[in-house]
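Visitor: I am new to this structure. Please show me how to read it, step by step.

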Amino acid sequence: MSADAGGARHERLHATGGSDAVRAAVAALRQRGQRVTTPRRVVLEVLAGHPDHLTADEVAGMIEGGEVHRATVYRTLEMLAAAGVVSQRQTPGGAARYHLAATGQGREHLHGYCRRCGDVVVLPSDALTEVVPRVRAATGFRLDVAQSTLVGLCARCAPPAKPGGWRPAG
């Protein structure tokens, strides 16, 4: 899949599921014993309405009429990331970027971040299924897959595969 096709697919995953995604995120918060406050709901609605990975400043700028103070947006995003409802990605030399991890039924996915061009590519939600138990068995570390962004090179930026080189299993 080309990086452009991945980006278009990513937009489709989020474009039609805004209210489903907010409901899924609210349910995830409540399941974790968190309150659903007005600022939390407003931030979730902004994230659900945008397929892009947004900075806290971008989220704050999209909230109409200063309904939520900028400092509250920052604290809310940090809390939502800690709760696993929002994924947080730190880019080299840039601000943290946030994205709704709870996207609604049938829209689950992971992200691949191209370290060369910065594109975000949709990865299958089960891409790490076999890795999670292996990592836990070997190290005791419990991966939070919903918070995972894999870093590498997109199809446009990656050099062509060499004959006889490494190939994924399957």
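Guide: Accessible areas come from the Shrake-Rupley method with a 1.4 Å probe; for residues, only the protein chains shown count as cover. Here the protein chain has an accessible surface of about 10,100 Å². Carbon and sulfur atoms hold 51% of that surface.

Visitor: What should I know about the model itself?

Guide: This is a predicted model: local features need pLDDT of at least 70, side-chain atom pairs count only at pLDDT 80 or more, and totals for chains, interfaces and linings use all residues. Residues are numbered from 1 along each chain as its sequence is written, and side-chain values use heavy atoms, leaving out hydrogens and water.

Visitor: How many helices and strands does the protein chain have?

Guide: Helices (H or I, at least four residues) and strands (E, at least two) are DSSP runs, numbered from the N terminus. The protein chain has six helices and five strands. From the N terminus, the order is α-α-α-α-α-β-β-β-β-α-β.

Visitor: What percentage of the residues count as buried?

Guide: Buried means under 20% relative accessible area, exposed over 50%, partly exposed in between (1.4 Å probe, protein chains only). Of the 170 residues in the protein chain, 39% are buried.

Visitor: How do I read a helix?

Guide: An α-helix has 3.6 residues a turn, so residues three or four places apart point the same way. Take helix α5, residues 70–82. Its buried residues include Thr72, Val73, Thr76, Leu77 and Leu80. The expected span is 1.5 Å times one less than the number of residues. After α5 comes Gly84, with a positive phi near 85 degrees.

Visitor: And how do I read strand pairing?

Guide: Strands of a sheet pair through backbone hydrogen bonds, either parallel or antiparallel. Two strands count as paired if DSSP finds at least two bridges between them. Strands β1 (residues 86–90) and β2 run antiparallel, joined by five bridges. Gln90 stands opposite Ala96 of β2. In β2 (residues 96–100), four of the five residues are buried.

Visitor: What is the strand order in the open sheet of three strands?

Guide: The order is β4-β3-β5, with mixed pairing. The edge strands, β4 (120–124) and β5 (149–152), each pair on one side only. Strand β3 (residues 109–114) pairs with β4 in the antiparallel sense, over five bridges. Among these pairs, Gly112 has Val121 in β4 as its bridge partner.
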